[in-house]
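Here is a briefing on a two-chain model. Please look over the structure first, then read the points by topic.

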Amino acid sequence: MGIFREYAPLEDAWIKIKNLKERYQYSFVRTKESRFNAELRAALELEPMLDVAEIIISCALARKESRGAHKRVDHPDRDDENWLKHSLAQFTLQGTKLYYEPPVITHYQPTERTY
Amino acid sequence: MSRVLNIKVFRFHPEKDQRPYYDTFQVVEREFMSVLEALLEIQHEQDGSLAFRYACRGAVCGSCAMSVNGLVGLADRVQTRNLKANILVEPLSHLPVVKDLIVDMTFFWQHFQEIKPWLIPAETAPERERLMNPADTEKIESFASCILCGSCYTACPVTKRDRDFLGPALLAKIYRFLADPRDSRDAAFLAKLNSEQGVWGCDTIFNCVKVCPKQIRPTDAIVAARKLVVGRFFKLFGANRKREKAE
């Protein structure tokens, strides 16, 4: 997932991550060594990486606008009215729950970046 | 057509193995493949127990220093296309092996702490930054860019026979502070340097210059540090004589 995002590929990525998470449940470590076990380390690192990947994709799917490094090809314009807010994700037993918080605007007023 | 590389790797697990041995792995060469990438491929696809240090994969962090075909360097900087198909990979020499290609660098880091590798200014911190003129920075810039990978430390014949010798990287690091006009190290520090374990230990073999992945010339720093040490001692000596005379 890069900067340019679109509904169909995002959904595709979401399904892929879901499948990988499922597969991760059945993964195991072949190398049984206590000293510098790179395989064990990789296995431990993978789980949170999959969580974070899912959160990023979910947030990108929900955000139907373009802003900064998030360019939705199918929603190319910035939409401050509906999307001037932080995306947050929460783990629940029913799955990842998204919620939002308003940004704290201090000295600089948010404006669209035009180059 | 892509080559098949035969990568012969040093293996040793001190708790399990009586003595070190070598394993040979076949890896299909890819374009712009580094030795580190080949090792990672072995670790991922063939033998998960193969151990080596790495982090940045781009010759920035200095974690993957090892010996490739007998020449010390960073595994992520050595390109396989510049090598023959049979590649020999070994850990840094004359340091204890923790596992396979990972060595115990405690000696190196102990010395690193001893040399106080930070700025020791004479006066208290000013309001603004301490400015330097560009000519002075040029003198120390290359030595400041050392990534502490330890390549020169293990390529040096003197560190091999004398564990207490600070070695090229750390002496270059010391010179970086000695030549810094903002730094003022005390006489005790210079006295320590004025020894076989300090600047006089170097045999000027230039192995460090040969292996440095960052093109630093530690021997130049050591020779320059010798001049500074001698110069400051003469100054100190002169001042003492003056004081004695006055008394």
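The rule finds 0 disulfides over all chains, a disulfide being a pair of cysteine sulfur atoms within 2.5 Å. Cys146(B) is in no disulfide: the nearest cysteine sulfur belongs to Cys152(B) and is 6.3 Å away. This is a predicted model, where local features need pLDDT of at least 70, side-chain atom pairs count only at pLDDT 80 or more, and totals for chains, interfaces and linings use all residues. Residues are numbered from 1 along each chain as its sequence is written, chains are lettered from A and ligands numbered from 1 in the order in which they are written, and side-chain values use heavy atoms, with hydrogens and water left out.

**Cysteine burial**
- Cys146(B) has 19% relative accessibility and counts as buried. Buried means under 20% relative accessible area, exposed over 50%, partly exposed in between (1.4 Å probe, protein chains only).
- Cys59(A) is also buried, at 13% relative accessible area.

**Interface of chain A and chain B**
- Contact (heavy atoms within 4.5 Å) links 8 residues of chain A with 14 residues of chain B.
- The two chains bury about 960 Å² between them, with 45% of it on carbon and sulfur atoms. Buried area is the accessible area (1.4 Å probe) that two parts lose on being put together, summed over both.
- Glu33(A), Arg35(A) and Phe36(A) supply 63% of the area that chain A buries against chain B, more than any other three residues.
- There are 3 salt bridges between the chains. A salt bridge is a side-chain nitrogen of Lys or Arg within 4 Å of a carboxyl oxygen of Asp or Glu.
- Arg35(A) forms a salt bridge with Glu15(B), their closest N and O atoms lying 2.6 Å apart.
- On the side of chain A that touches chain B, 2 residues are nonpolar, 1 is polar and 5 are charged. Here Ala, Val, Leu, Ile, Met, Phe, Trp, Tyr, Cys and Pro count as nonpolar, Asp, Glu, Lys and Arg as charged, and the others, Gly among them, as polar.

**Asp183(B)**
- Asp183(B) is buried, at 7% relative accessibility.
- Leaving aside neighbours within four places in sequence, Asp183(B) is in contact with Trp118(B), Leu119(B), Ile120(B) and Phe177(B).

**Chain B overall**
- Of the 247 residues of chain B, 46% count as buried.
- The C-alpha trace of chain B spans about 80 × 40 × 30 Å along its principal axes.
- Among contacts in chain B with a separation of 6 or more, 61% come from residues 24 or more positions apart.
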